[in-house]
Amino acid sequence: MLSALGIATGTVIIFLMMLSLLFVGMPLGFLTGFIAMAMSYLWFGNVNMMQMVAARVSDFTTSYTFVAVPMFVLMATMLDKTGIAKDLYNAMRVMAGRIKGGVAIQSMIVAVILASMSGIIGGETVLLGMLALPQMLRLGYNQKLAIGTVTAGGALGTMVPPSIVLIIYGMTANVSIGDLFLGAIPAACILAGMYMTYILVICNVFPDHGPAMGENEWQNMSRAEIKKMFLDILVPLLIAGWILGSIYGGIASVTESACVGVIGVAFAAALRRELSIEVVFDALKHTIRTVGMIIWVGIGATMIIGVYNLMGGDIFIHDLFMGLDMPPVFTILIMMFILLILGMFLDWIGVAMLTMPIFVPIITSLGYDPIWFGVLFCVNMQVSFLSPPFGPAAFYLKSVAPEGIELTDIFKSVWPFILMQIATLAIMIIFPEVVTFIYN
Amino acid sequence: MKPSLVIDRIFIRAGHFVSILFLIVVCISFFEVVMRYAFNAPTLWVHETTSFLVSLAMLFGGVACYADEKHIAMTFISDSFPPKLRWFSALFVEMCTLVFSLMMTYGAYCSARDAFFSPFGTFRMQTSGSALDLPYPALNKGFFFATCVMLVFLVILHLLRHLFSYHEMTRQRDLEKDNANA
């Protein structure tokens, strides 16, 4: 039995096993599950542990909160199959006009509106990559600025509520997802505001980075065109209001609001005559594929955390942090650093489910607010979407980027945005009130 | 097409049908919201049924994704291995996956057994204990066991396919060598 080795050695063994299996290319969900199963037997020397581990999986898969994840994925994929987002982008052209860097600002505003309808990243990045990026490059925008805007804007999908990152956090940390969504609003505003300020400053200091378009287009638009433009902007706002309104109006739970959102998108698509059996089935197919991939990560993480905590891991890490002779804010900084590093290599859902069951009790016993910490986590995962070597937003963009734009170009373009994300984290740590005021 | 690939395709296609469960969940949840908010007559069955249906769809989706070889994995290091080492590392990964799936199957079997039979061996399904008291927990644990069995089957299938690919890999390497010599 390995339990004779003590938990410190056990932690090192688990960590080394994870690292080596990750490097030989074992899928994340299977490797965590494998280590969990192997440790449950080797550590405790008892086959009954396997039943305990399996029972945890049943609890995880039947969690009512988790239902929201496939529903938000389904909603976002249905949205992608309609022209709602594309029309919104075109309607927002009026924003671009004479401002320097106008198209980049327009793209960022569209990104925020899209993010308030969708809780995932991927669809948004792809859409901006197909619409905004070619347009900015055609107008002679600086390539790095254009790529950075599109990648960082697309990643906002999980920052602006609704967000599946916050749902998974709320589920593992057992806090109110409604409050998490509220707390994420100021954080998202700071982040998007910083992005837009950066674009404006850069384009005014270096006018060749983002030239203005010249004429204001709406001056020579017909009445019908203006009407269509208003409708195209109104529909997405109505959908976003429909989802958040159903939560905060006390009409639906977060899980139900996702289903209500699917109905809303389907209704809008039907009005636009874009709803068909094929669209629905395509979206369903995509949903089960996405969920099928993340379910293993969830199952594996549930298993390994269950086993690790039974080994005494949670107490071990807790004592380790408490034993530090430092002000509590350093604990937060160390955790943020760990999350940043993990986020570079692991999928966000893996990071959330592996670390949060251990981190959140420490945070609460230090007297911090777990909801504030959840919003911090959400911003931290924004970094992980952009950071090399696996930033998913970069990969999504690469799949639709014009020829000649390589992954390395994308990673070279995103660093100013990563710095702004880290600056947002710093602001939130120094002034927790910017987040907490809204739900208190 | 190879028979083993046909089996994979069957699972993937079945996954597409299972995904209709998501649509059902959307409809019944919306029904629940309307009944509760507009008619002040909340249902008893929707809440439990949605989590049950979604858990079925997600578990089967996991199996279908395995059949489709879609994984969240970090392969950039193993992709840079020379072919022979890559073959062996992939074999190692498949073996670990097999061990994992077998152990998980055992655990799922025990938990399903306890959900369907009392300690005295008489048949009684574990129920949710709510006002409705449906046997969803038992069915869910039973389906989790079925999922594990399907996974073991597919892992063995993929493992065998990988073993047979050794011959192809060496032949391809010889071909490349011949081309290089010529």
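Q: What makes the meeting of A:Glu256 and B:Arg36 a salt bridge?
A: In this predicted model, the side chains of A:Glu256 and B:Arg36 come together at 2.8 Å, N to O. A salt bridge needs such a nitrogen and oxygen within 4 Å, so the pair qualifies. The count between chain A and chain B is one salt bridge.

Q: What other polar links does the rule find across the interface of chain A and chain B?
A: It finds five residue pairs in polar contact, with both residues at pLDDT 80 or more.

Q: Which helix gives the largest share of the side of chain A that touches chain B?
A: That is H14(A), with 16 residues. By class, this side of chain A has 43 nonpolar, eight polar and four charged residues.

Q: How do you know how much area is buried between chain A and chain B?
A: Interface size is often given as the accessible area lost when the parts come together. Here that area is about 5,200 Å², and carbon and sulfur atoms give 82% of it. In chain A, the residues that lose the most area to chain B are A:Gln51, A:Ile288 and A:Trp296, together 12% of what that side buries.

Q: Why is helix H4 of chain A called mostly covered?
A: Buried means under 20% relative accessible area, and 12 of the 14 residues of H4(A) are buried. Among them are A:Phe72, A:Leu74 and A:Met78.

Q: How do you know that the span of H4(A) agrees with its number of residues?
A: At 1.5 Å a residue, the 14 residues (68–81) should span 20 Å; the end C-alpha atoms are 20 Å apart, so the two agree.

Key:
Residues are numbered from 1 along each chain as its sequence is written. Chains are lettered from A and ligands numbered from 1 in the order in which they are written. This is a predicted model: local features need pLDDT of at least 70, side-chain atom pairs count only at pLDDT 80 or more; totals for chains, interfaces and linings use all residues. Side-chain values use heavy atoms; hydrogens and water are left out. Helices (H or I, at least four residues) and strands (E, at least two) are DSSP runs, numbered from the N terminus. The expected span of a helix is 1.5 Å times one less than its number of residues. Buried means under 20% relative accessible area, exposed over 50%, partly exposed in between (1.4 Å probe, protein chains only). Buried area is the accessible area (1.4 Å probe) that two parts lose on being put together, summed over both. A polar contact is a pair of N or O atoms within 3.5 Å; within protein, one must be able to donate a hydrogen and the other to accept it, and residues adjacent in sequence count only if both atoms are side-chain atoms. Ala, Val, Leu, Ile, Met, Phe, Trp, Tyr, Cys and Pro count as nonpolar, Asp, Glu, Lys and Arg as charged, and the others, Gly among them, as polar.
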